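Student: I have a chain to look at and would like to learn how to read it. Please go through it feature by feature.

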Amino acid sequence: MSLPLRPVSAVGALAGELRRRVLSGEIAPGTPLPEQEIAAKYGVARPTVREALAALVHEGLLRRERNRSAYVPEVTLDDLDDLMYVRRPLEDLMAQAMTGRRVAEADAALARMDALPPEAPWADTVAEHMALHQALITAVGSPRLDRLYGTLAAETRLGLVRLREVYEDREVLVREHRELLDAIADGPVEAVRAAVAAHLGHTWGG
């Protein structure tokens, strides 16, 4: 049975749906995504599927190898530990620069996360989580810090899929981020750096 998509842009709509499924954990790492099956499922042409998959490959959410269907890459616990090893100094630079400041965009992302209904897909939480942290990094005003942080975005988003297991109650995640933003705003700098380090020290589950 096909599930037709509204033709906003068929490519954009399909990419959005597949992105939601990847970031909600519905499509497990390693699962192949054959063009023909996706075309039949969503009632779209194969070139549309090809473009949508290419968009997600470009974002780093899918991987494609020669003579193989696109698939979600596996991000292991060792990968995530290494990811945090690299993220910590970048977020520490943010902490030092942003002490004593509030970032409206980060507060807005937190408010949107808090307003999500219980039945909202985990992908929506991932999106607001990423928006909050990205807003803090961008507010520093360093294009190079922004660019370095951006190179970690795909792995970070895939890693956040694991947090479903840790934060079954989304309100806990909201509370932790509210405490983080308050700590950054209140200072002093050493307290902020400690708060950011503690925030990044969570378990990934699994």
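Student: What share of the contacts in the chain with a separation of 6 or more comes from residues 24 or more positions apart?

Tutor: A contact means heavy atoms within 4.5 Å. In this chain, residues 24 or more positions apart account for 74% of the contacts with a separation of 6 or more. The model is predicted: local features need pLDDT of at least 70, side-chain atom pairs count only at pLDDT 80 or more, and totals for chains, interfaces and linings use all residues. Residues are numbered from 1 along each chain as its sequence is written, and side-chain values use heavy atoms, with hydrogens and water left out.

Student: How many helices and strands does the chain have?

Tutor: Helices (H or I, at least four residues) and strands (E, at least two) are DSSP runs, numbered from the N terminus. Here there are eleven helices and two strands, in the order α-β-α-α-β-α-α-α-α-α-α-α-α along the sequence. The radius of gyration, taken over C-alpha atoms, is compared with a globule rule of 2.2 Å times the number of residues to the power 0.38. The chain has a radius of gyration of 18 Å, close to the 17 Å that the rule gives for 206 residues, so it is as compact as a globular protein of that length.

Student: Which residues touch the most other members of the largest nonpolar core?

Tutor: In soluble globular proteins, nonpolar side chains tend to be buried together. Buried means under 20% relative accessible area, exposed over 50%, and partly exposed in between (1.4 Å probe, protein chains only). A nonpolar core is a set of buried Ala, Val, Leu, Ile, Met, Phe, Trp, Tyr and Cys residues joined through side-chain atoms within 4.5 Å. The largest one has 56 residues, and Leu14, Leu53, Leu62 and Leu136 touch the most other members. Helix H6 (residues 122–140) gives the most to this core, with eight residues. Of the 206 residues of the chain, 40% count as buried.

Student: Is arginine 157 buried or exposed?

Tutor: Arginine 157, in helix H8 (residues 153–160), counts as buried because its relative accessibility is 17%. Beyond its neighbours within four places in sequence, arginine 157 is in contact with Arg19, Leu23, Glu59, Leu61, Val126 and Met130.

Student: And is proline 143 buried or exposed?

Tutor: Proline 143, found in helix H7 (residues 143–150), counts as exposed, with 53% relative accessibility.
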